[in-house]
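I'm opening my notebook on this one.

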Amino acid sequence: MKIRISVKNKSWLTKGLLLLLAISLSLSDVSAKTRIMLISDPHVMDPGLLISEGEAWNEAVYYDRKLNDYSSAIFDEVIAIALREKPDLFLISGDLTKDGEWLSHQYVVRKLYELKAAGIRPFVVPGNHDMGTPNALYFDGETIYEADTINTSQFAELYRDFGYGEDVEREPTTLTWCCEPVDGLMLIGIDTGHDDDPLNGVISHTTYEWVRERAEAASKAGKKVFIMMHHALFPHVTNADKFSSTYAVKLGLADGIDHYTYYNYKSISRRLVDAGVSISFSGHVHVSDIAKDSNNDLSRTVFDISTSSCAAYPNPYRLLTLNDDDATMRIETRYVSELPDVEDFDDMAEKRMRQGLVNLVKNITYDEDISNLFAEIFKIHVVGNEPEHPRQKEFLAMYEENIPRMKADRQLKDYLDAYDATFDDLSAMVYSMLEDRSNYGDPDRESLVDDLNTTIPVRGDGWTAIRPIVRETVGKDWYTLQGQRIARPSRKGIYIHDGKLSVVK
């Protein structure tokens with residue numbers, strides 16, 4: 001792009017401003033080296049699976065905070081947004097379908113071909129729901145019928161143009177692949193297993209070695225190495241792996257037929273960091289959170305970018321920009337807040353999320369006040385940037401006030417005993433969620449990363465040498481200085497509006 005600006009007879013100040021404008025325009029013309037749109041857990045349910053609403057359907061959605069009945073419409077909207085944004089790559093980090101139904105997979109594939117026809121390259125990996133679960137059903141009033149599901153070979157055939165075709169290298173034993181979709185970027189999609197599979201949430205040693213070798217070779221060749229998988233590379237919350245055995249990936253070593261010895265996430269994550277992996281895209285836990293960890297000696301770092309389900313409140317998607325400095329990636333989080341012909345969609349989605357969480361927590365305690373408190377805390381965690389939430393301190397105080405009551409709750413104690421956990425373990429997890437920090441059992445690793453709008457390094461700089469995380473905002477919405485999008489300022493202070501600092505008095 002060539003820019004010519006005449007500065008004849010202009011004052012030195014005007015000349016300076018015009019020069020800065022020219023530089024800014026020149027930089028903006030080349031700033032977006034690669035643009036990526038990222039979603040996770042769309043859980044698309046083909047509309048034909050819901051023949052008629054009734055008791056069976058009501059029971060199915062009672063504990064579910066996802067909007068299964070709107071999932072196809074939400075996915076349609078995400079695809080429409082991608083067609084407008086025109087990213088270079090469109091990534092889905094697993095759980096493409098509600099429960100692996102053949103009809104739902106066909107729905108997803110049809111929409112991905114719309115992106116391909118528009119010059120956008122989609123890539124997918126399977127999630128734990130995508131090879132079928134017992135909930136793959138038709139719903140017809142009070143009656144349910146089994147729906148056809150797919151297997152791994154059918155998955156590879158259906159998605160042959162989205163990670164499983166001749167333009168990628170496949171790992172022979174799983175749905176794991178790697179390719180270089182743009183020059184200088186090695187993208188590796190890792191199959192982390194599915195429900196009813198002994199390797200659900202597990203990477204086998206064979207697959208791990210295959211991934212490590214390709215990551216190491218790409219890194220030595222000077223390429224950036226990103227991985228995408230359904231389960232997190234490491235836990236984002238203290239003790240999360242104690243309460244969820246499939247939160248983060250494990251390494252599985254075969255000890256015989258269908259018998260494995262499992263090693264925790266450190267066996268995979270820190271070795272992959274040494275091999276050159278600097279960014280991981282994940283989903284599964286339906287939480288928008290960005291966390292940082294490193295190899296054993298803190299000389300190289302990695303960010304795990306977990307994205308909440310776009311089929312559940314607040315229905316997020318991410319836009320990522322690999323900058324031309326070849327060292328940073330800008331992350332912007334946006335939301336599907338409206339659907340055609342759906343009145344007050346955002347408000348409805350939030351209420352469904354909260355009610356689903358309350359129903360789930362009833363399995364932990366019958367105390368209604370405690371159920372409501374846990375639901376609100378987890379809802380804050382789902383959205384991300386927990387310390388910026390206006391009620392974060394209030395919920396922390398409420399939690400501390402109710403500690404004696406919770407310790408006396410017999411049902412809660414039984415729940416903790418079932419996980420071989422203590423109340424202190426639970427409290428550590430709650431504080432970690434609401435404070436948005438974790439140290440993975442090591443104080444030297446404690447970090448706080450903006451979950452929604454930020455710029456991160458992509459070259460795996462060492463823990464202490466890493467450049468500061470820069471919070472960024474774009475567009476005409478209001479933002480706090482911490483990068484949280486708000487409807488409008490509710491108090492005096494300095495905000496960012498339309499890309500500019502704005503003082504509210």
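Which residue's side chain meets D69 in a salt bridge? I looked it up, and the partner is R352, at 2.9 Å from N to O. For my own use: a salt bridge is a side-chain nitrogen of Lys or Arg within 4 Å of a carboxyl oxygen of Asp or Glu.

A note on what I'm reading: this is a predicted model, where local features need pLDDT of at least 70, side-chain atom pairs count only at pLDDT 80 or more, and totals for chains, interfaces and linings use all residues. Residues are numbered from 1 along each chain as its sequence is written, and side-chain values use heavy atoms, with hydrogens and water left out.

Back to the pair. (Helices are DSSP runs of H or I, at least four residues, numbered from the N terminus.)

Next I checked R334, which bridges to E332 at 2.6 Å between the closest N and O atoms. E332 is buried at 9% relative accessibility, whereas R334 is partly exposed at 25%. (Buried is under 20% relative accessible area, exposed over 50%, partly exposed in between, with a 1.4 Å probe and protein chains only.) Shared partners join R35, E85, E332 and R334 into one network.

Last, I turned to helix α14, residues 423-435. I found several buried residues there, including F423, L426 and V430. After α14 comes D436, with a positive phi near 60°.

Note on methods:
Helix = DSSP H or I, 4+ residues; strand = E, 2+ residues; numbered from the N terminus. Expected span 1.5 Å × (residues − 1).
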